Amino acid sequence: MCSNISQQNVRTKPCLGYIGFLARLIFNGELDQLRYRVTRLARYYLVPEPHLSIKQNSNNTLKVQNERWALNEFKPENSFAMSIHAYYPDIALNELAPLVNTRLGHRVDIFISVPDNTKSAVIEALRNAFNGRVCIVALSNHGRDILPFLTVLPVLIEHQYKWVCKIHTKRSLHSRHGNRWRHDLYKTLLSDRSIQTIRTMGNEQGLAYPWFSKCSIKNFAYDYREQLEELVLTHACSTDIADSCFIAGSMFWFRPEGLVPLTRISLNQYKNKFELENAQIDGTYAHAMERLFLHIAHDEGFKSCRLT
């Protein structure tokens, strides 16, 4: 478990794929688009990076100590990683761990976020359940799986992982198909075929998702329109998101450099946007963020593909 975490600046160099994308804009004479991209890049390197510190409490749970952070205690050992939000630790222990160990074994670094009231015995069980190197952070129950992911994302970028699998212990209690949906997502993302596909992908690919999880935004309830429009403006997305698609369930493989724009907003700003948890099934800031991942990767010059 990560502890005694100190502060450091977490910045990664622009990836070769993004530099190549800028070069193509120059070659094609797309100067307005080039100016916009360079401005975004400059903004990233000028905005201070947030840090976090966590500690073990006397009541046998983990607590977030402050909101400025760098998980610099963790030393990466692999080029692949997983970002797991284990709101339901039993699912992580009984379903995810056996699957990850069978498919990836020791060849993956694992970042697990848990609610801050999780007992240390459960945290120990999670740490010991996976064969790969594990780092666990405890966060408040806020922002579903999205805010914890945004908390870990800068570390994934800083360690320059080649590919990361974003996954969480989804139950979807409002749907009688919730368990089947989760099983299908896990089996597709972590199948031998999918992992081999990920390993052999070209540098132009930046996001890969289960073939059945790409959905049209128009086909779903759209109670988060205002939040989504705000996010589009904040991140200067170049596509008309309202008329496009998203990855339902927010589980996918991605290149960390493809989601760099999401780290340019401070965690405090994000936290103020996410509603308090009230078992909402739609219309939240988390649902709006879920619609953004695919478009951020595309705007960063990467392609996406289906996993079958």
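In the predicted model, the axes of helix α3 (residues 89–103) and helix α4 (residues 120–129) come within 10 Å and cross at roughly 10°, where axes are lines fitted to C-alpha atoms, for helices over the stretch in contact, and angles run from 0 to 180 degrees between N-to-C directions. Helix α3 is therefore roughly parallel to α4, a term applied to angles under 35 degrees. On the α3 side the contact (heavy atoms within 4.5 Å) is made by P89, A92, L93, A97 and N101, and on the α4 side by V122, A125, L126 and A129. By class, this contact comprises 8 nonpolar residues, 1 polar residue and no charged residues, with Ala, Val, Leu, Ile, Met, Phe, Trp, Tyr, Cys and Pro counted as nonpolar, Asp, Glu, Lys and Arg as charged, and the others, Gly among them, as polar.

The structure also holds 9 aromatic pairs, defined as rings of Phe, Tyr and Trp (its six-membered ring) with centres within 6.5 Å, planes over 60 degrees apart being counted as edge-to-face. The ring centres of F80 and W253 are 5.9 Å apart and their planes lie at 70°, so this pair is edge-to-face. Because F80 belongs to strand β3 (residues 80–85) and W253 to strand β10 (residues 252–254), the pair ties together parts that are 173 residues apart in sequence. Both partners are buried (under 20% relative accessible area, with a 1.4 Å probe and protein chains only): F80 has a relative accessible area of 3%, and W253 one of 0%. The rings of W211 and F212, with centres 5.4 Å apart and planes at 90°, likewise form an edge-to-face pair, but W211 is partly exposed, at a relative accessible area of 48%, this class spanning the range between buried and exposed, the latter being over 50%. One aromatic cluster is formed by F149, F252, F254 and F293.

Across the chain there are 11 helices and 11 strands, taken as DSSP runs (H or I, at least four residues, for helices; E, at least two, for strands) and numbered from the N terminus. Of the 308 residues, 54% count as buried, and among contacts between residues at least 6 apart in sequence, 81% join residues at least 24 apart. The accessible surface comes to about 14000 Å², of which 50% belongs to carbon and sulfur atoms, as computed by the Shrake-Rupley method with a 1.4 Å probe.

Residues are numbered from 1 along each chain as its sequence is written, and side-chain values use heavy atoms, with hydrogens and water left out. As this is a predicted model, local features need pLDDT of at least 70 and side-chain atom pairs count only at pLDDT 80 or more, whereas totals for chains, interfaces and linings use all residues.

Note on methods:
Angles under 35 degrees count as roughly parallel, over 145 as roughly antiparallel, 65 to 115 as roughly perpendicular and the rest as oblique. Rings of Phe, Tyr and Trp (its six-membered ring) pair if their centres lie within 6.5 Å; planes under 30 degrees apart count as stacked, over 60 as edge-to-face and the rest as tilted.
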